[in-house]
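Please read this note with the model open beside you. Take the points in order and find each element as you go.

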Amino acid sequence: MTDPTALIQRWQAGDQRAAEALYYQHRESTFRLAYGLLGNAADAEESAQDALNYALTRINLFDPGRASFSTWLHTITVSRCRDRQRRRFLPRLSLARWRRRGGDAPDPALSPERQAEQAETRSEVWQAVQSLKPNYREAIVLRYWAGHTYQEMATILDCPLRTAQSRVRLAYSQLRTTLAPAGYTVIDDEKAL
Amino acid sequence: MTQHLTEEQFTSYINHTLTDAGRETMDRHLAGCPDCRTFLAGHEALARRIQYDLGADLRAASPSTRMNFRAIAPRMKRSRRVIMFARQSNQLMAGAVTLLLLLALGFGLYMLINNLSQPLPVPPVELAEPAPAVNEEAGQAEGASADAESVAARRSDQSRLESGQITSQALAGNLIGDPATRRYWVYLPPGYDTSGRRYPVVYALHGFWLNSLQLVTPLGEALDELLAAGQAREMIVVYPDGNNRFRGSQYRSSPTVGDYETYIAGELVEQIDATYRTLPQPESRGITGCYGNGALHLAFKHPDVFSVAAPVSAVYDFERKPQQLEMALASYQRDISDLHSLDALPWQTREYIALAAAVAPNPDKPPLYLDMPLTVVDGQAQIVPEVWEKILAAAPVNEVNEYLDQPERLRALLLYQDAGDVSIPVEVIRDFDRLLTSLGVEHELLEVDTGEGRCWLDYSPVVQFMSDNLVFDE
């Protein structure tokens, strides 16, 4: 990914073309982070769009001295996804889904069949990660997929450094329990012999 | 060695949450304890698996076309105006307040000096007005939203991944009951939608215990990067599903597993050529694979279909992989003949069983329909020599003669190997290289030492090799 600094400066100065370029530079990765956290493409798309919208409209709040742009964007995305998780417990429909029900052409990328197909082709790791509780899932996705340092994770998750570390350890242990019996028991077996 | 490291220590080690001192203590122990090194290898394998599978799954997911800049542009413009207005207002307000304070001070002094003799008129202060510059700016931006730069930003990320499905007659009716309908993934290069050209195709086979998404990230990223740098030519990459009940078909054919050779080299190639704008000729077809015995097997068997091969981290000689056999024998504590017991075995053992399903099928032995490569005699696991011979015969070192017995030759062959992998001695790779040279088989050997184990390599050399050797013209 190219350095977004020049684009950020141009957008901070008001050049909307720079905002559009920034948007497309981060569109896929923001969606994928949200998808990793939520496990549902439609929800991920809405959360990612919200996060990008917020980040770009509040670009003046971005302080390059405190964090990189992607760390800042990930902080916003995680926050949006947490909101979405909380709202899942409420019996209501998101506005976008409501609109979609109201006659918009269904998007083949998000159709239930397509989602079911996608679910089938996802790995065991994916299933195991999705079965983690939300704060462990955040830790694994940010560390193993996004490759953040623990310091960055502490910023993104708004928690102490040691908490970020312990969440990754606990999440990893849980994944090991889930995944190891199918695949990596050899070492345990051997030690037991 | 008095006491082994704990699970908690391994978890901290693998996730880099130890202090320097803690890590050094563990390193000292690991240096002298083979058991713990083996245990750590299991953790490393799991950590890599999480990283790669999660990466592959997320890379395969893309937002729909609904998620685009146009959808938020109007909102953004409004918020932007408010922010700019507020900022300018704040600046003007701050200026006005300073001015008022200065005037008040001046007024005070004046009054003092003039002894309050004359009243002064209050100076006119213009408070904030909406700055016209902001509106002009927004208007300008609106007119130029389709600027070349933003289009370029989208274009740079335009390679895409599609999935498709094939129903294979060659796999139908396999004894183990694996599905004949399989999903595959296709990488289409950035220019595919606009060029109208035909493209060479590389088939990328996943390894044992893994799935078709395994190579999507490393190979796709290497290709994207080299294309962006202008160092490779555009090609299509197909990621087939070679998995089965034994966690890996070995890309071979038997009544037990089905005919994977025809499924990949015949049916899938035909379907891809019919579906995409490919160059449907052997000169424009390549094959690669991680734990690349399958890729090399198909290349040796079908140079009439694939003309360029770049197997990655292949095991050229099963006989010279002592650690795996040792572990397999240690894990095999009783003869098994059912699927449930199979699932409880470690991958080292199951790889031999998967190979046996492909090379030593036995339709009279349900439910596994194969001759077991291992057996337990007097409480000790042993290899079954007649099955073991068949497994050894399937190693590339023994298949090269069959390749030379048929008339076609590969146009180019790259052996790309992580020589830092401790489970297979580097001499095995170099011996295979020497064997090919002595038989007059043209090839290149690229050895790297990542220290990461096999297959977790940079795939740029594979892309480069394909780009240099495939035929890109119709």
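1. **Ground rules.** This is a predicted model, in which local features need pLDDT of at least 70, side-chain atom pairs count only at pLDDT 80 or more, and totals for chains, interfaces and linings use all residues. Residues are numbered from 1 along each chain as its sequence is written, chains are lettered from A and ligands numbered from 1 in the order in which they are written, and side-chain values use heavy atoms, with hydrogens and water left out.

2. **Chain A.** Chain A has eleven helices and zero strands. Helices (H or I, at least four residues) and strands (E, at least two) are DSSP runs, numbered from the N terminus. Of the 193 residues in chain A, 53% are buried. Buried means under 20% relative accessible area, exposed means over 50%, and partly exposed is in between (1.4 Å probe, protein chains only).

3. **Contacts along chain A.** Take the contacts in chain A between residues at least 6 apart in sequence: 62% of them join residues at least 24 apart. Contact means heavy atoms within 4.5 Å.

4. **Chain B.** Chain B holds 17 helices and twelve strands. Its 474 residues are 51% buried. The accessible surface of chain B is about 21,500 Å², with 52% belonging to carbon and sulfur atoms. Among contacts in chain B with a separation of 6 or more, 73% come from residues 24 or more positions apart.

5. **The sheet.** What is the strand order in the open sheet of eight strands in chain B? The order is 1-2-4-3-7-8-11-12, with mixed pairing. Two strands pair if DSSP finds at least two bridges between them. Strand 1 (160-167) and strand 12 of chain B are the edge strands, each pairing on one side only. From one strand to the next, the twist averages 20°. Axes are lines fitted to C-alpha atoms, for helices over the stretch in contact, and angles run from 0 to 180 degrees between N-to-C directions.

6. **Strand 4 and its neighbours.** Strands of a sheet pair through backbone hydrogen bonds, either parallel or antiparallel. Strand 4 (residues 236-239) of chain B shows both kinds. With strand 2 (residues 181-188) of chain B it runs antiparallel, joined by three bridges. There, B:W185 stands opposite B:Y239. With strand 3 (residues 201-205) of chain B, strand 4 runs parallel, again through three bridges. On that side, B:V202 stands opposite B:V237.

7. **Faces of strand 4.** In a regular strand the side chains alternate between the two faces of the sheet. In strand 4 of chain B, B:I236 and B:V238 lie on one side, B:V237 and B:Y239 on the other. All four are buried, and both faces are covered.

8. Strand 11 (residues 412-418) and strand 12 of chain B run parallel and share five bridges. B:L415 stands opposite B:L445 in strand 12. Helix 17 of chain B lies across strands 3, 7, 8, 11 and 12 of chain B, at about 170° to strand 8.

9. **A helix pair.** In chain B, the axes of helix 13 (residues 347-359) and helix 14 (residues 385-393) come within 9 Å and cross at roughly 85°. The two helices are therefore roughly perpendicular (angles of 65 to 115 degrees; under 35 is roughly parallel, over 145 roughly antiparallel, the rest oblique). Helix 13 contributes B:Y352, B:L355, B:A356 and B:V359 to the contact, and helix 14 contributes B:V387, B:W388, B:K390 and B:I391.

10. **Two residues to check.** Leaving out residues up to four places away in sequence, A:Q165 touches A:Y150 and B:T17. B:T450 lies in the loop between strand 12 (444-448) and helix 17 (460-469) of chain B. B:T450 is partly exposed, at 32% relative accessible area.

Notes:
Areas by Shrake-Rupley, 256 points an atom, 1.4 Å probe, with all protein chains shown as cover.
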